[in-house]
Amino acid sequence: MIQIFGTLKNFDVKTAQRWFAERRIPVQFVELKEKEIRSGKARSAKSFDLPVCQVSDNHKSGMSRGEFDSVVDAIAREKGSLADAIEEMIDKKSRDYASIAYLDDSEKVDKLFENQLKLMKQPVCRNGKNAATVGLAQKIWETWK
């Protein structure tokens, strides 16, 4: 099954969802924003008086470490190296880009995983464990049918 990782406010994510919907290709949408609330790194959702999010079978929150690693591996196979894959995944237009720009490759991987919402290009689309794209890539998606 194809997974789309991103936020509902991102226009490229909406474009990707529409592209798959028009072709009647089933997808699982993963909201990256919910993961930060649920991770509990700063405070729990209760301390902010936020409602607890309900997650259905076809909607879950955030990218797990295994999902993240499989996306990085798939993009690394396409680009030729891990460093190129990470550079492809980083949103250079992000306000937080300076926090990752001068780190070495192993630190970039961890920083990108920890700050998916702020630093990663959207959408990240994954087809199983062997194929993934970052950003809009309709020509590649056509081969996923």
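I take a salt bridge to be a side-chain nitrogen of Lys or Arg within 4 Å of a carboxyl oxygen of Asp or Glu.

I am working on a predicted model, where local features need pLDDT of at least 70, side-chain atom pairs count only at pLDDT 80 or more, and totals for chains, interfaces and linings use all residues. Residues are numbered from 1 along each chain as its sequence is written, and side-chain values use heavy atoms, with hydrogens and water left out.

Entry, salt bridges. I find 6 of them in the structure. Arg 65 pairs with Asp 110, with 3.4 Å between the closest N and O atoms. This pair joins distant parts of the chain, helix H3 and helix H6, 45 residues apart; helices (H or I, at least four residues) and strands (E, at least two) are DSSP runs numbered from the N terminus. Arg 65, Asp 69 and Asp 110 form a salt-bridge network.

Entry, Glu 87. I looked up its partner and found Lys 108, the closest N and O atoms being 2.5 Å apart. Glu 87 lies in helix H4 and Lys 108 in helix H6, 21 residues apart. For burial I use relative accessible area: buried is under 20%, exposed over 50%, partly exposed in between (1.4 Å probe, protein chains only). Lys 108 is buried because its value is 7%, and Glu 87 is partly exposed because its value is 25%.

Entry, cores. A nonpolar core is a set of buried Ala, Val, Leu, Ile, Met, Phe, Trp, Tyr and Cys residues joined through side-chain atoms within 4.5 Å. The largest has 23 residues, and Met 63, Phe 68, Met 89 and Leu 112 have the most contacts inside it. H3 gives this core its largest share, 6 residues.
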